[in-house]
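Hi,

Here is the structure I promised to pass on.

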Amino acid sequence: MATVSSPCTVFPILTSTLSKPHLAPLSCRTQKRSRVSIITSVAEDREIVPVSEDRGIRLNEVDGFQPSEPHTESDVVVPRLTSSSTVNAIIVLGFGTFAVTKLLTIDHDYWHGWTLFEIVRYIPEHNWIAYEQALKANPVLAKMAISGIVYSIGDWIAQCYEGKPLFEFDRTRVLRSGLVGFTLHGSLSHYYYQLCEALFPFQEWWVVPAKVAFDQTVWSAIWNSIYFVVLGLLRFESLTNIYGELKSTFLPLLTAGWKLWPFAHLITYGVIPVEQRLLWVDCVELIWVTILST
């Protein structure tokens, strides 16, 4: 009787291979375990060693990389006018429009039949005639008005020079400076120039330098003292603080004026007539009040 041979009998090598698990050599297994342990230790070291913020920031600065951060609505600065700056803008634009309109329409009663060229041509001349008529009618009031306007504009320029935006100036401070210019500088200057002519009634060559020297010593010392004392009183400061401020700024302010006013007053006392001197001085005052206010 024929016997049926099993697959195990026919393929003994195949059977032994399938029934036993395939094991890698010992050296290979040891090498794999060592690799895994090295990778694990490196990963653990990276997790344990902290990275400081400063180091990260320095690396970003060196690499030129700036990480992007999400912006919120609070981070976005939207430029807008505050209520105070809006009021300031209305005041400045209102007075500016009024002044320009008055200057440009000085001859509006006579415009009938005039050409545009004639209107523009006579604007400077007729404004000057109107100013001289105001000086003859009420010289003190006219000079007070000019000084008040100049001191107000000068303080506004000073605040802008200090870094404030154009329409975010301190209205109270501008009002104080303009009030000092209107009530004191215009009126006192009117009488001072007349006094100066009475003290030096000569026509010699040395009269102009003498007037300049007198102006830059006696009169400048008096006016600078008045200016600081009155401004301190308007700020409701104590007399001790006012005296301390005046004492610390008196000599530096007086000597600072010598860098500007002696040259300007050579024209004041050598060229400009007495009644027109304050207008010339007030034009220079726009520069000086800026220095004085700061």
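Trp 223 and Tyr 227 are both buried (under 20% relative accessible area, with exposed over 50% and partly exposed in between, using a 1.4 Å probe and protein chains only). They sit four residues apart in helix α9, about one turn of the helix. This is a predicted model, in which local features need pLDDT of at least 70 and side-chain atom pairs pLDDT 80 or more, while totals for chains, interfaces and linings use all residues. Residues are numbered from 1 along each chain as its sequence is written, and side-chain values use heavy atoms, without hydrogens and water.

Rings of Phe, Tyr and Trp (its six-membered ring) pair if their centres lie within 6.5 Å; planes under 30 degrees apart are stacked, over 60 edge-to-face, and the rest tilted. That rule gives 13 aromatic pairs. In Trp 223 and Tyr 227 the ring centres are 6.2 Å apart and the planes at 50 degrees, so this pair is tilted. One aromatic cluster is formed by Tyr 192, Tyr 193, Phe 200, Phe 214, Trp 219 and Tyr 269.

What happens at Ser 220 in α9? The helix bends there by about 40 degrees (the angle between axes fitted to the seven residues ending there and the seven starting there). Ser 220 is buried, at a relative accessible area of 13%. Its side chain reaches the backbone oxygen of Asp 215 at 2.8 Å. Just after α9, Phe 236 has a positive phi of about 60 degrees.

Best wishes

Note on methods:
Helices (H or I, at least four residues) and strands (E, at least two) are DSSP runs, numbered from the N terminus. A polar contact is a pair of N or O atoms within 3.5 Å; within protein, one must be able to donate a hydrogen and the other to accept it, and residues adjacent in sequence count only if both atoms are side-chain atoms.
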